[in-house]
Each structure stands twice: as C-alpha cells, then as structure tokens.
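Subject: The structure for you to look at

Hi,

Here is the structure I promised to hand over. Have it open beside you while you read, and my notes will follow below.

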Amino acid sequence: MNNDLNITNARIPGSGARVDLGIRNGRIVSVNPSHAQNTSAAARSASVTSTPASDVIDASDLWVIPGLMDCHTHFTQWSKTLGRLDLIDARSADEAMAMLRAHLDERRAADTLDPNAFVVGMRFRHSLWSDDEQPTLAAIDAAAGEQPVALSSADMHCGWVNSAAARRLGVHVDESGLVGELEWFEAYKEFDKAPGAAEETDRLLREAEADAAGKGVTGIRDYEMAENIDTWIGRFAGGLDGLRVEAGVYPERLAKAIDDGWTTGKALPGSHGLGTVGAMKLISDGSLNTRSAYCSTPYSGIEPPTRGVLSYAPEQIEDYMRLATEHGFDIACHAIGDEANTIVLDAAERTGAHGSIEHAQMLKRSDIPRFAALGLAASIQPQHAMDDRDVITRFWAHPAGIPYAFRALYDAGATLRMGSDAPVAPLDPWMAISAAVFGTESSAREPFQPEQCLPVEVALAASTAVGRDRLEAGDPADLVLLDADPYVQATPEAMRAMPAHVAMTFLAGKRTH
C-alpha cells in the first residue's frame, strides 16, 4: 500500500513553531519549518487543494506529536476487560459481591450465561478494604453458587474464586477464597481454553486496538504471561495489525526462543515490520497490594511481620539475565520492593544486562543513580502511584526507600519509559502523563509527592516510542494529530481528557484513527 503523505503547517506543542512533514513508504523523510506559516489561510487553502486530498493534510489547526507507546501491557488481559466484570469501584467485599450478583443476573436475563463456563471479573482492590471487609470463600460461594467464578485482583497478583472454580482450576483455597500469585498466574491461563474463547478474544483484541488508536497509541510492549512470539505471528497473519508490538519472552520460554533463533528486535514474519521480539520479562518479586513486593524492612500494620517474597532466588535472577544477555535479549525485570530492586540492579551489573527495570516502585536512595550508570531504563507506571497512594500510607508507612521516585530518577539521568501495566491501569498514556505531571487525579486533592512530578515535555517524551516529544526525519511515520496543545492543559482533568482531542492517528503512514 502506498502510504505517501504530506502534512502541512502542523503546530509543535508548547511552541509557536509549525512544520511540514513528508512521509514516504511508512517513514518520516522530512521535517521542515512550514513554508505556509506566514501565508494567509486563503493562500494555504489554495495550495492544499491544488494537490490530491488523499496525499495532503492541512494541519493548520492541529498539533503533531510522535505516536504514543505503552511500554508495559498485558494486552490480551487488557482486551478482555472490555468484556468482563470490572470491580475497580468496589469499596468492600460486600460491594464486590453485589456487583457480581447484578452481573450474573444480567447475563441470565440475556441468556448469555453458560453454567459450565467461567465468569471472570477484574480489578478488585482488597488492599484498600477494611480488615472486616476482606474476601471470603463463603461470600463468593453465596453469590455465585455452582457457577464457576474467578475474580482477578487489580494488580493481577492474586485471585478470588468460588469453590466451583477452585475445583475446575485445581487450586487450593482457604476460608478467604484467595489464590496466591504464582498459582494464580498459572490458573489464569485456563480461562482462555473455554469453548468460544478464541473467537471472543479475537473480537476483543480488535476492539482494544481501535480503542488504543483512538487515544493516539501506535505501539505496545506486550508482556502477556503466555507464549507471545508465535501468538503475535498468528495475530498479524490474521490481520490484527493496528499497533506496533514488541512481544516479550518469559524466562521459562527463553531457552526455546534462543533455540528458535530469536533475539530482541528481530522482526516477526508476516508483520510487515510492525512486530518484533521484545525483552525477556522476569518477575523478581510480588506486589505492594498483596504485600509480597520484596522490601528491606517489614510492612507496616501486618502480623506476622513480612518483608514480601522473591519469585526467584537472586542466583536464578542472575543466571537468567546472563543467559538472556549472552544470546541477544534485552531484559525487562519486574522489581517493586526496594530490596528486589537492589538485587536486580546487582544482577544486571554483574551480567552486563541491558534493557529496563519494570515498575521500580520503591528505591533506596543509593540505587537511584545506578539506573543511568548501568544504562537501564526505568519503566514506570505513574497511574499506579495514584492508585497506590493510600495503600502506601497503610503498608509502607516507614519505607527504607523512596516510593515512585520519578523526578529523582530523571534528575539522576535515568531514561524513563512510561506505560500502564494494563489491565492493572487502563491502557491510556494520557492518564499516565497526567499522573506524572500533576501527581493527582483530581484538582480537589493535593498532589502525591509533588517533588516527584515530571515536566510535561518529559512525561510526553517518555510515552513515545522515539523517546522524544517531536518527530525527526528518519523516524517511522507513527504520529498523532491533536486539536489541543497538551502542554497548556492546566489540570489533571484536562490532561486525562486529551483522548477526546486525538484527531488522527497514523501507523507507518497509514491512518488508524
């Protein structure tokens, strides 16, 4: 397909400058000061209409930015939130069960409830519920009966299931009905094996790609906890081609990926350059909300005392990093607790690993300069800070490090990459940018750690594939045209509303929105 295009007189955010962009064969071939910047609107109109409209876009009233990239997603699971029960607003176990009952009643009334199929819910946040409002097996059994029901926590590190689902999944549950993180990671995969699941997944993936394009997103890093390389080769072959995708590889599949000749950055066959192999994704510890992120000091208010847990021994982390590095793979290492971050940074230093630390949620002051020194990007999810600010005061009341040290990392020279960890937070870079810039979701609430807020140009650059807030010749033709300047948005509400100002999105020169 011929994607040659000229975009004229586009505005640069935060600047009075305008540019003309030349696009050929899916790449930016020129970015020049607009020759029409000082001409009249009538003259510009005459100039534009003299060229076929399909080849020229007059962007006089629009701002241009590079295509946005979500640097941390679980894309299949995010897609499925578009068709599953969302419990993010439940403020107690009772409220969650009321929402479940209503969902089941609605499905029964619509005759869409298969008694043999799992009903799956997403994003309950029991870490914010009071001690006497926590999940119980009795409560979910009473609400669901023999209908298999499985609910995933907001951070995806535990599940809440009824007895019928526990039997089907082959998991043990105590009186809480909760399934711990490693067992839950495996159990979660069973939901995709139900009859009709493949067709539903394909439909929801296409909806999710369209939703992302509508927000200006042109690429994702997919760390779905599954086999991703062959999966995305199949998806591209099936016409699912609305995003650039870097397909992550988990440690248990790394040896096979190496044997198959894959390395980070290698193109996926049939993807027309849109799909590549991503980094080795290793989960070093748990999460804050499940009190399993590995810390150097005990959690506050927890008995018996706990500092969290490592998912792998430090020696295993180092071995996987060495194997990945020696065979051409970047790393993308999940580390949330301060001690987990120290262990991961130590392993990267000893192995020469390159790539990113994912989350980096609490850091010892002495570890912050090590990101830049080791050449490791800090892949952060600013919306998590908004979701966790009350959890932090509850469970990290006396931290040994700095939680969500965004500005400290930037000031220390670290490369920042931003994402959502969808479905933990919505796949929406504008939400992440707003959280990073304003430190709050609401003008009515004071910023959380205002000293860690980022300048808007830094947050936007960290949300693009090119790592800049403006395009240059030679870049892929992944770009967004906006009808509002993001740099003048003065409130978190206005920044979070920026998806409504996405006028057009282009991927490799082809319009996707």
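Two strands count as paired if DSSP finds at least two bridges between them. Helices (H or I, at least four residues) and strands (E, at least two) are DSSP runs, numbered from the N terminus.

Before going on, a word on where this comes from. It is a predicted model, in which local features need pLDDT of at least 70 and side-chain atom pairs count only at pLDDT 80 or more, while totals for chains, interfaces and linings use all residues. Residues are numbered from 1 along each chain as its sequence is written, and side-chain values use heavy atoms, with hydrogens and water left out.

Back to the strands. β1 (residues 5-11) pairs with β4 (residues 56-58) in the parallel sense, over 3 bridges. With β2 (residues 18-24), β1 pairs in the antiparallel sense over 5 bridges, and here asparagine 6 stands opposite glycine 22. β1 and β2 make a hairpin with 6 residues between them, and glycine 14 in that turn has a positive phi of about 70 degrees. β1 is also mostly covered, as 5 of its 7 residues are buried. Buried means under 20% relative accessible area, exposed means over 50%, and partly exposed is in between (1.4 Å probe, protein chains only).

Next, find the open sheet of 5 strands, which runs in the order β7-β8-β9-β10-β11 with mixed pairing. Its edge strands are β7 (85-86) and β11 (178-179), each pairing on one side only. Inside the sheet, β8 (residues 119-124) and β9 (residues 149-153) pair in the parallel sense over 4 bridges, and glycine 121 stands opposite leucine 151. Helix α6 (residues 181-188) lies across β8, β9, β10 (159-161) and β11, at about 125 degrees to β9.

Now for two helices. The axes of α3 (residues 93-109) and α4 (residues 137-144) come within 9 Å and cross at roughly 20 degrees. Axes are lines fitted to C-alpha atoms, for helices over the stretch in contact, and angles run from 0 to 180 degrees between N-to-C directions. α3 and α4 are therefore roughly parallel to each other; that label is for angles under 35 degrees, with over 145 being roughly antiparallel, 65 to 115 roughly perpendicular and the rest oblique. Which residues of α3 and α4 make the contact? On α3 they are Met97, Leu100, Arg101 and Leu104, and on α4 they are Ala139, Ile140, Ala142, Ala143 and Ala144. Contact here means heavy atoms within 4.5 Å.

Further along, β18 (residues 376-380) has 5 of its 5 residues buried. Leu376, Ala378 and Ile380 cover one side, with Ala377 and Ser379 on the other. β18 pairs in the parallel sense with β16 (residues 355-359) over 4 bridges and with β20 (residues 416-418) over 3 bridges.

Last stop: alanine 400, in the loop between α13 (382-395) and β19 (402-403). Is alanine 400 buried or partly exposed? It is partly exposed, with a relative accessible area of 39%. Not counting residues up to four places away in sequence, alanine 400 touches Ser296, Thr297, Asp338 and Met362.

Happy exploring!
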